Amino acid sequence: MADVVTFGEAMVRLAPPNFQRLEQARSLDLEIGGAELNTAAGLARLGRPVEWVSRLPNNPLGTLITNRVREVGVSDRFVQFADEGRCGLYFLEFGASPRASSILYDRKDSSASLAQCGMFDWETIFRGAKWFHVSGITPALSPGAAEVVDEAMHAARDAGVKVCMDLNYRSKLWAREHAAEVLGILLPQVDALIASEADAEHLFGITGVDFAEVAEGLVRKFGVKMVVGTRREAPLVWRNRFAAVGYADGRTYESAWYEVEIVDRLGAGDALAAGLIHGLLDGDLKKGLDYGAAMGALKHTLPGDLPWLTKDEVEAAMHGQGLRIQR
């Protein structure tokens with residue numbers, strides 16, 4: 001029985017080594033990842049029982065992904081192997097300042113994107129769970145996937161399971177107008193929303209002088225209980241400062257700041273979501289921000305999407321050993 005259920009697509013990630021462009025590459029490094037799986041992995045590494053729900057192709061690439069899922073400590077009990085569809089891929093070019101990193105998706109007609117309502121027994125999946133986590137990437141995959149997210153959220157609410165959503169807008173997956181329409185339907189079912197100020201403005205026209213004002217606008221518009229965001233200060237590709245901020249019940253909460261040397265940018269926000277839910281399982285938003293910021297900072301130091309962290313090193317970072325900046 002799991003404390004947390006996540007739902008979303010996992011892909012195979014292929015990246016040229018040594019900051020090469022794809023057109024230069026003679027070999028590609030392979031990792032696996034996906035927003036909700038990354039978060040599930042972070043929770044598992046913190047000792048929380050967690051289920052990742054998805055659809056994968058019934059072929060060796062699907063097996064590759066589930067092997068890695070089990071290796072990181074996440075349950076794949078409700079993962080479906082499908083005869084239709086394919087494994088999604090994405091190609092990552094690592095940037096070095098001033099050249100930004102770049103992602104090329106190859107995920108059309110993936111098995112996860114072909115999901116339809118009625119395929120998952122949500123009543124069984126949510127039995128005993130306390131939180132459900134999904135990102136805005138999953139409903140972007142297809143109209144069917146968006147309907148399944150809505151179905152899952154309703155089932156979670158019926159089961160007394162709270163819902164956490166990372167807005168995670170991806171312009172390469174869907175247009176702003178379509179995203180705003182679909183997410184506007186889903187967000188009233190959300191308890192904890194992870195969102196950037198830029199996405200709040202771009203999708204919903206919500207602006208403010210600071211994070212608290214933007215968060216209050218999201219609370220008023222959609223009825224979410226809390227809003228969480230990240231703080232990043234330095235513009236350089238290889239070094240940054242990282243923190244978490246949250247808003248609930250008219251109050252703003254902040255984590256400590258961390259100075260990070262960036263090995264891999266991907267997955268830091270998903271690691272933050274894992275730490276956040278870890279704290280929310282104990283009813284403590286501030287604890288969630290503290291764990292989330294430490295996990296996000298540490299994830300920057302690891303190659304790949306998955307947060308191969310230990311609870312001890314996360315807590316050591318929270319206590320000022322190595323990464324924390326006192327201000």
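Visitor: Why is valine 74 called buried?

Guide: Happy to start there, with the reminder that this is a predicted model. Valine 74 has a relative accessible area of 3%, and buried means under 20%, so valine 74 is buried.

Visitor: Where is valine 74 found, and what does valine 74 touch?

Guide: Valine 74 is in the loop between helix H2 (60-71) and strand E6 (80-82). Not counting residues up to four places away in sequence, valine 74 touches Ala40, Ala41, Ala44, Val50, Trp52 and Val69. Glutamate 51 is 23 residues from valine 74 in sequence, yet their C-alpha atoms are 6.2 Å apart in space.

Visitor: Which residues of the largest nonpolar core touch the most other members?

Guide: That core has 58 residues, and Trp52, Ile65, Val74, Trp131, Tyr258, Leu285 and Val314 touch the most other members. Helix H10 (residues 285-299) gives the most to this core, with 8 residues. Another core, of 49 residues, lies apart from it and includes Phe126, Val134, Ala152 and Leu187.

Visitor: What makes arginine 55 count as buried?

Guide: The relative accessibility of arginine 55 is 7%. The cut-off for buried is under 20%, so arginine 55 counts as buried. You will find arginine 55 in strand E5 (residues 55-57).

Visitor: What joins the side chains of arginine 55 and glutamate 84?

Guide: A polar contact of 2.5 Å joins them, and that value sits within the 3.5 Å cut-off. A polar atom of the arginine 55 side chain also lies 2.7 Å from the backbone oxygen of serine 111. Leaving aside neighbours within four places in sequence, the contacts of arginine 55 include Gln80, Ala82, Leu114, Met119 and Phe120.

Visitor: How many aromatic pairs does the structure hold?

Guide: There are 9 aromatic pairs. One of them is tyrosine 90 with tyrosine 105, a tilted pair at 6.3 Å centre to centre and 50 degrees between the planes.

Visitor: Why is the pair of phenylalanine 120 and tryptophan 122 called tilted?

Guide: Their ring centres are 5.3 Å apart and their planes are at 40 degrees, so the pair is tilted. Phenylalanine 120 counts as buried at 6% relative accessibility, and tryptophan 122 counts as buried at 4%. Both rings belong to one aromatic cluster, formed by Phe7, Phe120, Trp122, Phe126 and Phe132.

Visitor: Which residues are buried in helix H7, and how do you know that they are on the same side?

Guide: In H7 (residues 197-204), Asp199, Ala200, Leu203 and Phe204 are buried. They cover an arc of only 105 degrees around the axis, so they are on the same side of H7. Among what covers these buried residues are helix H6 (176-186) and helix H8 (211-222). Glycine 205 follows H7, with a positive phi near 70 degrees.

Definitions and conventions: Residues numbered from 1 in each chain as written. Predicted model: local features only at pLDDT ≥ 70, side-chain atom pairs only at ≥ 80, totals over all residues. Heavy atoms only, no water. Helix = DSSP H or I, 4+ residues; strand = E, 2+ residues; numbered from the N terminus. Buried < 20%, exposed > 50% of the residue type's maximum accessible area, 1.4 Å probe, protein only. Polar contact = N/O pair within 3.5 Å; in protein donor to acceptor, adjacent residues only side chain to side chain. Contact = heavy atoms within 4.5 Å. Phe/Tyr/Trp six-rings, centres within 6.5 Å; stacked < 30°, edge-to-face > 60°. Core = buried A, V, L, I, M, F, W, Y, C linked by side-chain atoms within 4.5 Å. Arc of directions from axis to C-beta.
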